[in-house]
Amino acid sequence: MSDSVPATDRSVPLGVVLLAAAGIVTGVLQLLGGLGSFVSGPLGFLGGSVGVAFAVGQIVTLVSLLRLRRWALTVTLLVVGLGAIASLLSGQLLLLLLQGVVAGYLLSVADRFD
């Protein structure tokens, strides 16, 4: 019996669902925080606008990850990789390990993405 996934299997892996769900919850909280920054003056409005833009981008990417879109996988791996570099440079080795596990898992299910 082979460990490879048949090309016709389009089910979303549980790990992808869990990662996306956690990220979407975080994105919604960031979106609310960004919207809340709008009322704190001009700099708050500018910072809130940037925060809202990033939160919307995160939510769109993670919903697309749930739809098994290849571009969403690429963006997610890029963000995880940049986070891993930042973790390495700042000495956060546990976070670096977690990011490595996430990247490894996503790469192991990459054949499910179109």
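Helix α2 (42–66) and helix α4 (93–108) are among the elements that cover the buried residues of α1. Those buried residues are V16, A20, G23, I24, G27 and G34. The model described here is predicted. The protein chain has 4 helices and 0 strands, and along the sequence the pattern reads α-α-α-α.

**The chain as a whole**

- The C-alpha atoms of the protein chain fill a box of roughly 60 × 35 × 20 Å along the principal axes.
- The protein chain has 114 residues, and 28% of them count as buried.
- Contacts between residues at least 6 apart in sequence can be sorted by separation: 66% of them join residues at least 24 apart.

**Helix α1**

- Helix α1 covers residues 14–37, which is 24 residues.
- G34, one of the buried residues of α1, lies 12 residues from L46 in sequence, and the two C-alpha atoms are 9.5 Å apart in space.
- L46 itself belongs to helix α2.
- L46 has a relative accessible area of 54%, and because a value over 50% counts as exposed, L46 is exposed.

**How α1 meets α4**

- Two packed helices are described by the angle between their axes and the distance between the axes.
- For α1 and α4, the axes come within 10 Å and cross at roughly 135 degrees.
- This angle makes α1 oblique to α4.
- The crossing of α1 with α4 is left-handed.
- On the α1 side the residues are L14, G15, V16 and L19, and they meet V102, Y105 and L106 on the α4 side.
- Sorted by type, the residues of this contact comprise 6 nonpolar, 1 polar and no charged.

**How α2 meets α3**

- The axes of α2 and α3 come within 8 Å, with a crossing angle of roughly 125 degrees.
- This angle makes α2 oblique to α3.
- The crossing of α2 and α3 is left-handed.
- From α2, the contact uses V60, T61, S64 and L65; from α3, it uses W71, A72, L73, V75 and T76.
- The residues of the contact of α2 with α3 divide into 6 nonpolar, 3 polar and no charged.

**L68, between α2 and α3**

- L68 sits in the loop that runs between α2 and α3 (70–90).
- Most residues other than glycine have a negative phi.
- The phi of L68 is near 60 degrees, a positive value in a residue other than glycine.
- The relative accessibility of L68 is 2%, and because buried means under 20%, L68 counts as buried.

**S87, in α3**

- S87 is part of helix α3.
- S87 has a relative accessible area of 1%, so it is buried.
- When neighbours within four places in sequence are left aside, S87 is in contact with Q92, L95, L96 and Q99.

Notes. Residues are numbered from 1 along each chain as its sequence is written. This is a predicted model: local features need pLDDT of at least 70, side-chain atom pairs count only at pLDDT 80 or more; totals for chains, interfaces and linings use all residues. Side-chain values use heavy atoms; hydrogens and water are left out. Helices (H or I, at least four residues) and strands (E, at least two) are DSSP runs, numbered from the N terminus. The expected span of a helix is 1.5 Å times one less than its number of residues. Buried means under 20% relative accessible area, exposed over 50%, partly exposed in between (1.4 Å probe, protein chains only). Contact means heavy atoms within 4.5 Å. Axes are lines fitted to C-alpha atoms, for helices over the stretch in contact, and angles run from 0 to 180 degrees between N-to-C directions. Angles under 35 degrees count as roughly parallel, over 145 as roughly antiparallel, 65 to 115 as roughly perpendicular and the rest as oblique. A crossing is left-handed if the near helix is turned anticlockwise from the far one by less than a right angle, and right-handed if clockwise. Ala, Val, Leu, Ile, Met, Phe, Trp, Tyr, Cys and Pro count as nonpolar, Asp, Glu, Lys and Arg as charged, and the others, Gly among them, as polar.
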